[in-house]
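Student: Hi! Please go through this one with me, starting with the side chains.

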Amino acid sequence: MNADEATLGITIPSTLEAAARDLASKRGVLIDDLVASALHEYLHFSPSRIYQISTSVALVEGINSGSISSSTLLEHGDFGLGTFDGLDGEMVILDGEIYQASGSARRRSDDFPVPFASVTQYCEEAVFQINQITSLADVEVACDRYRPSDNLFYALRLDGVFGNIHARAVHPAQGGAKLLDAAQSQLEFHYHNVEGTLVCLWSPRYSSSFSIPGYHFHFLSKDRTKGGHVLNCTAGQLRVGVQTISEYDVQLPKKGTFLKADFSKDPASVLAKAE
Ligand SMILES: [Zn+2]
């Protein structure tokens, strides 16, 4: 054994051990090397990656029953946005917990299938403050200065006290309802003088078949009881953290209506209206 090597005694499921030995023998490498490289990949997991379940075009076309479990989603990130089975509310992922928001918010600690969501391991690279926010457009203009490119993805976290928040939540849709129909019967609500967080992902225009282009904000109150998709807001002062994202990992549904649906239409105009 070399000076820079160590012995690790661990207990793992026997099926995992068998699979690892099998793969090592197929590749003609030592089991030690195989486990070391798997562990290396896990430990040095890039913080600048989005992990996404399904695509925005599938959501627009009404593929809104869950395909990947929420526990798998949380293995890939602690911060993000999404929706629920049948478009039943807005999903906020904050500090490693999932909240279901439709005016009131509640934490989901169970394991359930998710139809569409994007998460990242939030790791802010820059922090700045914005003041005297009279609209969501003000927030966007202020954040634009901290996005050096229109061709990468960004995660932004905005914390503070909001004078007003105008938010909405999509209604639970009947099976297969398209996003635009669900958005047209949305619930809207207003909060006043509420402390909380805007969870935001910014996606490039070219990503419209996969993601939701531009800024996408969901709100969660500090006491975790209120939340929704943000349409407008005002605030005196907000603390903003930003993370640049250059890796994009999409998990597509492997069964169900996703396989036969027609995704030939560009969803950009529907997303601009519905999101
Ligand atoms: Zn939303």
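**Side chains and a metal site**

Student: Glu17 first: how exposed is it?
Tutor: Glu17 is partly exposed, with a relative accessible area of 34%. Buried means under 20% relative accessible area, exposed over 50%, and partly exposed in between, using a 1.4 Å probe and protein chains only.

Student: Okay, and what should I know about the model itself?
Tutor: It is a predicted model, so to speak: local features need pLDDT of at least 70, side-chain atom pairs count only at pLDDT 80 or more, and totals for chains, interfaces and linings use all residues. Residues are numbered from 1 along each chain as its sequence is written, and side-chain values use heavy atoms, with hydrogens and water left out.

Student: Which side chain does Glu17 meet in a salt bridge?
Tutor: Its partner is Arg21, at 2.7 Å from N to O. A salt bridge here is a side-chain nitrogen of Lys or Arg within 4 Å of a carboxyl oxygen of Asp or Glu. Arg21 is partly exposed too, at 45%.

Student: How far apart are Glu17 and Arg21 in helix α1?
Tutor: They are four residues apart, which separates them by about one helical turn. Helices (H or I, at least four residues) and strands (E, at least two) are DSSP runs, numbered from the N terminus.

Student: What does Lys26 pair with?
Tutor: Asp22, with the closest N and O atoms 3.5 Å apart. Lys26 and Asp22 are also four residues apart in α1. Lys26 is exposed at 65%, while Asp22 is partly exposed at 41%.

Student: How many salt bridges are there in the whole structure?
Tutor: A search finds 13. One of them joins Arg49 and Glu247, with N and O 3.0 Å apart at the closest. Arg49 lies in strand β1 (49–53) and Glu247 in strand β13 (247–251), so the pair ties together parts 198 residues apart in sequence.

Student: New topic: which residues are the protein donors of the zinc ion?
Tutor: His216 (NE2), His218 (NE2) and His229 (ND1), lying 2.1 Å from the zinc ion. Donors are N, O and S atoms within 2.8 Å of the metal (3.2 Å for Na, K and Ca); water is not among the atoms, so sites may look incomplete.

Student: What spacing do the zinc donors follow along the chain?
Tutor: H-x1-H-x10-H. His218 is in strand β11 (residues 214–221) and His229 in strand β12 (residues 226–245), eleven residues apart.

Student: Is His218 buried or exposed?
Tutor: Buried, at 0% relative accessible area. His229 counts as buried as well, at 3%.
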